[in-house]
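Please read it beside the sequence and the coordinates.

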Amino acid sequence: MDQEILLKVEDLHAGIEGKEILRGINLTVRPGEVHAIMGPNGSGKSTFSGVLAGNPRYNVTGGSADFHGLDLLSLSPEDRSHEGLFLSFQYPVEIPGVSMVNFMRAAVNAKRKYFGEAPLSAGDFLKLMRQKRAVVELDNKLASRSVNEGFSGGEKKRNEIFQMAVLEPRLSILDETDSGLDIDALRIVASGVNKLKTDRNATIVITHYQRLLDYIRPDFVHILYKGRIVHSGGPELALELEEKGYDWIKEQVDNN
Amino acid sequence: MDNALTQYLELFDTSRDVIDSHAPHAINVRRDAAAAALRHIGRLPERGDEGFEKISLNDMFAPDYGINIARVDFKAAMPAEFGCDVPNVGACTAMVVNDAFTPVGDLAARLPEGVEMMSLAEAAQLYPELFAEQIADIDNPVVALNTMFVQDGVFIRVRRGVRFERPVQVLSLFNASMPLMAARRVLIHVEDGAHATVLMCDHPRVHTVDYLSCRVVEAVVGRDATLDFYDLEESTARSRRASVFAATQAEGSRLNVCSIYLNGGMTRNEFYPRYLDERCATRLGGLVIGGGSQIIDNATYISHSHSRCTSDQLFKYALFDSAQGAFEGMVTVEPGAEFTEAHQVNRNLLASAEARMHTMPQLIINCDEVKASHGAATGQLDDDALFYMRSRGIPVEEARMMLINAFMTDVLDAISLEPLRDRLRHLVDKRLRGCGTGCSTCSIK
């Protein structure tokens with residue numbers, strides 16, 4: 001049974017600049033599953049994704065995270081990526097002067113090197129780019145531009161899913177992927193995510209709103225509040241939240 | 001610290017005859033004024049003097065360097081075929097060995113009609129009239145020291161209306177087994193309507209000897225003429241360089257300078273473009289990658305004395321280890337220089353806690369109807385960008401390299417010759433990857 005667990009987070013505590021934000025998170029993700037993590041502002045959603053991806057800005061103060069048998073928290077961000085973790089950023093970073101092509105080539109070849117493979121030939125690399133761009137209908141023109149520079153909100157998010165398609169992660173964390181998207185862009189991004197879904201990989205969707213979950217159907221919904229998962233359920237929990245808001249959860253937690 | 005100037009003035013006084021006997025009259029006649037200027041100045045600038053925040057010229061010139069005034073031939077000690085394929089764009093190439101002009105291959109045959117490249121001493125005999133006026137200011141101590149001792153160098157001329165697209169390349173090398181100072185001089189004439197691209201590469205020959213390059217480059221850019229001047233320094237920790245670039249620009253001329261520092265010991269570059277008329281355009285670009293205990297100092301002086309001229313400056317430094325950098329820029333817009341456009345930017349990246357940068361962009365405007373801006377910023381690598389790249393699997397060192405490269409890239413964008421730009425980009429990339437000292441594409445076979 002243990003072999004089928006992709007990610008097991010236990011009693012995870014983390015913070016920033018001495019301030020504790022995550023206060024004991026427990027979460028188990030198996031291959032083929034889609035988990036949604038919802039919660040009010042400031043509950044720790046982005047901190048959780050940042051800690052899993054290894055953002056050095058956060059300090060882990062307790063607990064553990066096992067990623068298919070590896071001690072995730074001891075790995076560098078780049079090794080987490082090689083081992084199959086992918087974070088789609090809420091705010092993809094603009095990198096003026098670094099072209100998308102060079103960025104992706106460096107990423108792809110670093111992963112190949114990690115697994116002892118030779119770098120991709122120029123032809124194979126371009127073919128790979130072409131294939132993966134189709135997943136999110138990403139314009140070829142963006143390839144020659146600097147990473148995310150001058151991209152619209154929709155293009156930035158599609159670019160994230162494009163990178164995800166190229167890197168073929170085992171676990172994808174989508175941090176507020178719906179923020180800043182109009183309905184058409186949302187549909188394209190969600191359909192991209194769905195196309196990449198297999199029974200071998202898993203997805204954690206972090207979102208404020210139920211809207212995205214109409215397109216990416218979760219198997220589990222968790223509510224994060226004050227740095228803890230305070231409630232878990234099936235897809236119906238998202239609908240309940242949409243209807244009733246977070247106040248009933250807050251009351252339940254704060255009164256106990 | 002002793003007054004370094006004394007030894008040079010004494011050497012000049014005692015060896016004047018020897019110096020003159022190995023150089024043409026048109027060059028010799030300037031020496032008295034140079035010596036007089038230095039006697040008047042009394043001492044070389046030291047650290048802390050105005051405009052000399054990081055470098056002391058006195059310290060730079062103080063060691064007891066030899067000067068080859070008797071012109072012992074060092075060329076014989078050079079390997080027959082020294083190849084530098086920095087540009088690899090079919091350049092017409094000459095070497096300056098210490099200070100002596102040395103053509104490479106069949107240089108004369110490769111130069112098209114209307115393009116000349118020859119020894120400065122030879123040119124001074126052939127065209128003494130071109131030496132009547134000195135472009136660089138004799139009151140500048142580096143110019144004065146150079147003028148006192150210069151005996152040879154490079155002369156480049158592109159005749160009226162000739163647009164020569166390929167670069168002419170000057171490879172400056174040191175080749176001596178004892179500490180040596182070379183007074184190097186370059187004179188470039190780009191006549192009316194002509195175009196020239198000049199690439200200068202400074203290289204060492206021996207890594208274990210102290211060298212001092214006291215260099216003056218003078219350029220005369222004619223009416224509606226253009227000069228692209230690219231200057232690459234890739235020398236050793238034991239090299240010292242004091243360089244002055246001075247140019248006059250006639251009406252409608254364009255001057256595009258890109259100075260690239262990849263390696264060296266202590267370097268000071270000064271730039272003095274001067275407008276003779278209206279509608280001139282000047283671009284000064286500087287790229288510095290400093291490491292170890294290197295000190296790199298760039299100073300620019302632009303006086304907008306005529307209307308409708310534009311100047312655009314972009315200097316970028318990336319400093320590692322305990323490297324120190326300085327940039328001082330002075331732009332003055334004189335009364336009556338209407339419709340001037342002057343921009344000056346200096347940006348610096350400190351890649352270690354010990355690296356230091358001093359920057360002073362200055363702008364004085366004495367005229368209305370002017371568009372001008374200046375700015376400087378010094379910072380570190382963007383942590384968010386670094387994490388973003390790492391999260392995609394790019395190793396941290398590679399990510400840092402890519403970000404520094406990206407930071408530098410727009411300085412090189414100004415290099416109009418594409419193969420040359422690619423080549424220099426490659427060299428910058430290699431330098432950032434720490435591929436040893438010395439330009440590894442220059443191979444001494």
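## Salt bridges in chain B

In this predicted model, Arg241(B) and Glu233(B) form a salt bridge whose closest N and O atoms are 3.4 Å apart, a salt bridge being a side-chain nitrogen of Lys or Arg within 4 Å of a carboxyl oxygen of Asp or Glu. Arg241(B) is buried, with a relative accessible area of 2%, and Glu233(B) likewise counts as buried at 2%; here buried means under 20% relative accessible area, exposed over 50%, and partly exposed in between, with a 1.4 Å probe and protein chains only. Both residues belong to a network of salt bridges that also links Arg184(B), Asp202(B), Arg215(B) and Asp231(B). Side chains of opposite charge can pair when their charged atoms come close.

Over all chains the count comes to 39 salt bridges. One of them joins Arg159(B) and Glu116(B), at 3.5 Å from N to O; Arg159(B) sits in the loop between β6 (154-158) and β7 (163-173) of chain B and Glu116(B) in strand β5 (residues 115-119), so the pair ties together parts that are 43 residues apart in sequence. (Helices, H or I of at least four residues, and strands, E of at least two, are DSSP runs numbered from the N terminus.) Arg159(B) is partly exposed at 34% relative accessibility, whereas Glu116(B) is buried at 14%. Asp429(B) and Arg433(B) meet in a further salt bridge of 3.0 Å, N to O, with Asp429(B) partly exposed at 21% and Arg433(B) partly exposed at 39%.

## Numbering and thresholds

Residues are numbered from 1 along each chain as its sequence is written, while chains are lettered from A and ligands numbered from 1 in the order in which they are written. Because the model is predicted, local features need pLDDT of at least 70 and side-chain atom pairs count only at pLDDT 80 or more, although totals for chains, interfaces and linings use all residues, and side-chain values use heavy atoms, with hydrogens and water left out.

## Aromatic pairs

The whole structure holds 14 aromatic pairs over all chains, where rings of Phe, Tyr and Trp (its six-membered ring) pair if their centres lie within 6.5 Å, and planes under 30 degrees apart count as stacked, over 60 as edge-to-face and the rest as tilted. The rings of Tyr272(B) and Tyr301(B) have centres 4.8 Å apart and planes at 5°, so this pair is stacked. Tyr272(B) lies in strand β14 (residues 266-275) and Tyr301(B) in strand β16 (residues 295-304) of chain B, 29 residues apart.

Phe315(B) and Phe327(B) form a tilted pair, 4.8 Å centre to centre with 35° between the planes, and both are buried. These two residues, together with Phe229(B), Phe245(B) and Phe271(B), form one aromatic cluster.

## The interface of chains A and B

In the interface, 30 residues of chain A are in contact with 18 residues of chain B, contact meaning heavy atoms within 4.5 Å. The buried area is about 1,800 Å², of which carbon and sulfur atoms give 68%; buried area is the accessible area (1.4 Å probe) that two parts lose on being put together, summed over both.

Across this interface there are 3 salt bridges, and Arg57(A) forms a salt bridge with Asp384(B), with the closest N and O atoms 2.6 Å apart.
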